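Please look over the sequence and the model shown below before reading on. The notes that follow take up a few topics in turn and can be checked against the model.

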Amino acid sequence: MRTLSQFIAGREHAPRSGEHLDDVAPATGEVVARVPRGGEADVAAAVEAARAALDGAWGKTSTEERARLLDAIADRIEARKDDLAALESLDTGKPLRLAATIDIPRAVANFRFFAGAIRHDRTDCHLTDGPPGPALNYTLRRPLGVVGLISPWNLPLYLLSWKVAPALGMGNAVVAKPSELTPLTASALAEITAEVGLPPGAFNLVHGLGPEAGQALVEHPGVAAISFTGGTATGARVAATAAPVFKKLSLELGGKNPTLVFADADLEQAVEGAVRAGFTNQGQVCLCGSRLLVERSVHDRFLEAFVARVKALRLGDPKDPATDLGALISLAHRDKVEGYLRLAREEGGRVLCGGERPALPAPLDRGAFLAPAVVAGLPATCRTATEEIFGPVVTVHPFDTEAEALAMANGVRYGLSASVWTRDLSRAHRVSAALDTGMVWVNTWLLRDLRTPFGGVKDSGVGREGGAYSLEFFSEARNVCVKL
Ligand code: NAD
């Protein structure tokens, strides 16, 4: 079994606590690694190393050199793609096929994309002509300094690289705190940064529990900004700690995203899209469409096809290329999801399929598997239909009018994304404008262009990441005004 290390100033270190946590493979219950239980002392050492990097070689790198390093990291991830996909699947329980086709290629794309983005970045210039001018204003973009990056377990390397690449690209030094449940690929990324010759201290990694290592990172006075992706309750805690000391904050939080199917949609495509939106990664994507709103005139026909497709999803061994759904992240998380299915029944819902633990051969019989569930008959305002479950559960609700569909879609505390299925162009634009979410997909789901703004409104977060939005977040604008 592997024992992971903290990665500080370009070297591996044991945690100052001397303690480790178990890293459990959710598909088998097997302990696959020992994770350092980091705390305040590790965070302090990492921030000190990051500061020293900024004051030393890293602080003097050119944009072109940083772009070259980001490309080199992308190349190394790509060269190790099979090994990294296997680690990601082992750590999360997700199908190996998903890790190999989505998670790892996207991590490569993130580094390549931000290498290109910083190479092609431009800066603002404002010419003042009237009194008291004339003057020339231009905007300098400076790194923030040491930035803290906190990431969740559902898309471990994918989401961590989405933060690390722009943070390094803009010249910051990083202290990353990945989820304690999925530490393996973060440690691999640390190895890769050393292999490509990233100056020591530019990238530091502190493993540990959220309330210990994560909290210490948010509290540390030497950390200028926190980019956090995780649950809404944790995000509130992070904000409460960081706001009084004026740290810059980006919060990418939970979702309870609607999929709206209008009667004029291509129903076959809508069924496929709704299944993908509902159950990709066992329903553990913040963007998952967990509320399916269907126009009444096609509701029964749509639901029949949808349930048939969900029943046909293959649940089982993550290593099997034929597997569609793997394990949930942990037995505790499965308990939580099952609790919501009990609540759904109490609230008057009918579970049309799924919700049971499948019978799988050893060692998968000890895994956190749960058959994907579709629930009908619930009021759109009940807890099951409004709280984030973050598992393979979709609730289905009929609607009669566009106004009713919008009221249901917007009637939750979350506002991350929505997906709208219609062939009526005017309706597509009208509904997209009226939805209270940060992102809307029309006739698709999770089609990502990395240049576009990513983030939510209401309880789904504050701020945007992606393309120029990330470059802006990870830098401080300074205006220089020259009197001509
Ligand atoms: P979580 O909030 O439990 O943990 C996220 C990270 O925060 C982990 O690294 C954890 O160790 C750390 N953490 C916990 N307590 C902390 C504290 N007090 N201070 C600092 N850090 C702390 O979330 P999770 O269960 O890992 O992930 C699932 C959640 O993430 C879901 O709600 C999901 O919707 C959300 N998510 C959002 C997005 C998005 O882009 N909006 C993407 C993926 C996941």
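Which residues does E88 touch, not counting residues up to four places away in sequence? In this predicted model, E88 touches G93, K94, A99, D103, I104, P156, L157 and T185.

- Because its relative accessible area is 0%, and buried means under 20%, E88 counts as buried.
- V43 stands 45 residues from E88 along the chain, and the C-alpha atoms of these two residues are separated by 25 Å.

**The two domains**

- The domain assignment divides the chain into domain 1, given as 2-253 + 460-483, and domain 2, given as 258-449.
- Between the C-alpha centres of domain 1 and domain 2 there is a distance of 31 Å, and the contact takes 25 residues from domain 1 and 33 residues from domain 2.

**The largest pocket**

- The largest pocket has a volume of about 770 Å³, and of the 36 residues that line this pocket, P152, F228, G230, G231 and T234 are the closest to its centre.
- Because domain 1 and domain 2 both give residues to the lining of the largest pocket, this pocket lies between them.
- At least two residues of the lining of the largest pocket are supplied by each of α5 (156-169), α7 (210-219), β11 (225-229), α8 (232-242) and α11 (331-346), while the largest share, five residues, comes from α7.
- Sorted by class, the lining of the largest pocket holds 17 nonpolar, 12 polar and seven charged residues.

**The second largest pocket**

- The second largest pocket, with a volume of about 580 Å³, is lined by 25 residues, and those nearest its centre are L98, I102, R276, T280 and N281.
- Helices α4 (96-119) and α9 (267-279) each supply at least two residues of the lining of the second largest pocket, and α4 gives the most, with seven residues.
- Domain 1 and domain 2 each contribute at least three residues to the lining of the second largest pocket.
- By class, the residues that line the second largest pocket divide into 13 nonpolar, four polar and eight charged.

- In helix α13, which covers residues 402-410, the buried residues are E402, A405, L406, M408 and A409.
- As a general point, an α-helix has 3.6 residues a turn, so residues three or four places apart point the same way.
- The exposed residues A403 and A407 are carried by the face of α13 that is turned away from its buried side.

**Details of the backbone**

- Most residues other than glycine have a negative phi, and most peptide bonds are trans.
- Where are the cis peptide bonds described here? One runs from P131 to P132, with omega near 5°, and another joins A362 and P363, with omega about 0°.
- P132 is found in the loop between β6 (125-128) and β7 (135-143), whereas P363 is found in the loop between β15 (350-353) and β16 (373-376).
- N281, which is one of the residues nearest the centre of the second largest pocket, lies in the loop between α9 and β14, and its phi is near 60°, a positive value in a residue other than glycine.
- Is N281 buried or exposed? N281 is buried, because its relative accessible area is 3%.
- K458, found in strand β21 (residues 457-458), has a positive phi of about 50° although it is not a glycine.
- With a relative accessibility of 36%, K458 counts as partly exposed.

Note on methods
Residues numbered from 1 in each chain as written. Predicted model: local features only at pLDDT ≥ 70, side-chain atom pairs only at ≥ 80, totals over all residues. Heavy atoms only, no water. 1 Å grid on protein atoms, 1.4 Å probe; cavity = no way out; pocket = protein on both sides within 12 Å on 5 of 7 lines; lining within 4 Å. Points joined across faces, edges and corners; volume = space filled by probe spheres on them. Helix = DSSP H or I, 4+ residues; strand = E, 2+ residues; numbered from the N terminus. Nonpolar A, V, L, I, M, F, W, Y, C, P; charged D, E, K, R; others polar. Domains from an automatic or database assignment. Buried < 20%, exposed > 50% of the residue type's maximum accessible area, 1.4 Å probe, protein only. Contact = heavy atoms within 4.5 Å.
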